Amino acid sequence: MSSEHHAFDVVVIGSGAAGLSAALNLASHLKVAVLAKGTLSSGSTAWAQGGIAAVLEAGDTFDSHIEDTIVAGAGLNDRRTVEFVVGNAPAAIERLAELGVPFDAGGEARWHLTREGGHSHRRIVHVADATGWAVQQALERAAARHPNITLIPNQVAVDLVTRRHVERGSDAKRVWGVYALDAASGAVSLYTGRATILATGGASRAWLYSTNPRGSTGDGIAMAWRAGCRVSNMEFNQFHPTCLYNLEVKNFLITEAMRGEGGRLRLPGSGERFMPRFDRRAELAPRDVVARAIDHELKRLGLDYVHLDISHRDPEFVRAHFPTIHARLLELGIDITRDPIPVVPAAHYTCGGVMVDLDGRTDVPGLYAAGEVTMSGLHGANRLASNSVLECLVYGIAAARHVNANWSELPPPPAIRPWDESRVTHSDEEVVVHHNWREIRRFMWDYVGIVRTTKRLERALNRVNLLRQEVQDYYGNFRVTPDLIELRNLVEVSDLIVRSALTRQESRGLHFTLDHPDLLPDAVDTVLVP
């Protein structure tokens, strides 16, 4: 099957808030390709229920938002990054409003602001309980209208184009684009550009239970690592405290905003409200505190789930603020105006990732990154609620601005070798891929979950090493498929996560280990070097 070559000025990998924000800010004078792994809307942005944090209320301040972010991040944040993102938040909200995002109005105020765990003020703008979907649709509409943006769905990124792919060889450490598999045709094409922007999201599907879409397999982190980029703080994966517990419906998130509006966590049977036993902020404590508390009660009592209850609020208020959740749960026989919701923690957000500066630049020239794929320094050891889409917006624009400002200095791509399938065959052993996929997610859940020990982490590392050899052999002999590409990347990021967790000899933020339960006096990033 012949490999096609598509040349653009800039290649953006990922079609969520970060990728589309970058594309829209590049396209005034550059030809931009936006590659989506599935449909344009199948990434994590469209799944974000809660909202976007910004200082918009009288009495709130940038300093307060900065402080809340650093407290949640257990002091591991980069203050310059936090100041940069928080300072740019109101303008980012304005841009979305101009694009047509219908943020909920607030009566006398311009917008209704809600409050979520870890925030000291009401500062979350939202579109009922489906903010991410509204943002995604507005950005997609704007990108589809732009003549310089080409939106290309169903392109599964295989690997970044580096100096080893240059036809005549090259000593220059640089990224020139990406090889991507067309999921429909099975052909691998070459997409080249002077600059490449990774906006591929996180790696929460490395765990058995996750709130994320199926595509969150750490592809960008793995590709950047293989291309020579450092990664940092991969031990910090956020587990959302409240994912719906239902044997048929997987990955349905119950937004943080429900606790912000008075939802209470209770034990099934007794109805006891347990969060005040763990933290004075009770249900409004940061996510890592709430997730560990729920995990503690599940293990202590042998429960499958706890209850999240907002039935004490006025039914009209509940239906108005949480229409999507109300409608979906009614289909499952749960009326949230009267009934508690069974919930469990689930892997939700990757706080670590590819290291970037304030311009979104990685270690490798020509490669930028924005959003959940990165470790920008914003989140530290734990992400504050509703800072994630904000980071996508701010860094997508920052990367685009740097490309625009330095365009004349970015060299055009040299001749790149096409994808070579001459020495591989079709696999007749897909069962190997599916078995290994399931095995990774199970041992990551059991050994690298909310509460960790050194022995469990070492067991996980042994399994990663065994799987790595199997997957490398398989990858070298058979044609790539979407499942094989994702499995290869899952093995890579699982290794990075486990090695980072073993490196951190303390409990900080989202990383809690029974062997090192105390916090060390100095907050230091974990940095892995290829």
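Analyst: Happy to! This is a predicted model. Let's begin with E256, which sits in the loop between β13 (237–244) and α6 (257–260).

User: Is E256 buried or exposed?

Analyst: E256 is buried, because its relative accessibility is 1% and the cut-off for buried is under 20%.

User: Which residues does E256 touch?

Analyst: Leaving aside residues up to four places away in sequence, E256 touches E116, G117, H240, P241, R287 and A385.

User: Okay, another loop. Where is N154 found?

Analyst: N154 is in the loop between β7 (149–152) and β8 (155–161). With a relative accessible area of 32%, N154 is partly exposed.

User: And what does N154 touch?

Analyst: Not counting residues up to four places away in sequence, N154 is in contact with A36, K37, G38, T39, L181, D182 and A183.

User: How far apart are N154 and S28?

Analyst: From C-alpha to C-alpha they are 25 Å apart in space, and 126 residues separate N154 and S28 in sequence.

User: Let's zoom out. How many helices and strands does the protein have?

Analyst: There are 13 helices and 20 strands in the protein. Its radius of gyration is 22 Å, close to the 24 Å that the globule rule gives for 530 residues, so the protein is as compact as a globular protein of that length. The C-alpha atoms fill a box of roughly 70 × 50 × 50 Å along the principal axes.

User: What share of the residues is buried?

Analyst: Buried residues account for 59% of the 530.

User: What about the largest nonpolar core?

Analyst: That core has 125 residues, and the ones touching the most other members are V10, I52, F103, L160, L198, V403 and V448. Helix α13 (residues 482–503) contributes the most to this core, giving ten residues. As background, nonpolar side chains tend to be buried together in soluble globular proteins.

User: Which residues does V403 touch?

Analyst: Setting aside residues up to four places away in sequence, V403 touches V10, L26, L30, A195, Y368 and L410.

User: Last topic: charges. How many positive and negative ones are there, and how far apart are their mean positions?

Analyst: The protein has 56 positive and 63 negative charges, and their mean positions are 1 Å apart. As for the surface, the accessible area comes to about 20,200 Å², and 50% of that belongs to carbon and sulfur atoms.

Technical notes. Residues are numbered from 1 along each chain as its sequence is written. This is a predicted model: local features need pLDDT of at least 70, side-chain atom pairs count only at pLDDT 80 or more; totals for chains, interfaces and linings use all residues. Side-chain values use heavy atoms; hydrogens and water are left out. Helices (H or I, at least four residues) and strands (E, at least two) are DSSP runs, numbered from the N terminus. The radius of gyration is taken over C-alpha atoms; the globule rule is 2.2 Å times the number of residues to the power 0.38. Buried means under 20% relative accessible area, exposed over 50%, partly exposed in between (1.4 Å probe, protein chains only). Accessible areas come from the Shrake-Rupley method with a 1.4 Å probe; for residues, only the protein chains shown count as cover. Lys and Arg count as positive and Asp and Glu as negative; His and the chain ends are not counted. The place of a charge is taken as NZ of Lys, CZ of Arg, CG of Asp or CD of Glu. A nonpolar core is a set of buried Ala, Val, Leu, Ile, Met, Phe, Trp, Tyr and Cys residues joined through side-chain atoms within 4.5 Å. Contact means heavy atoms within 4.5 Å.
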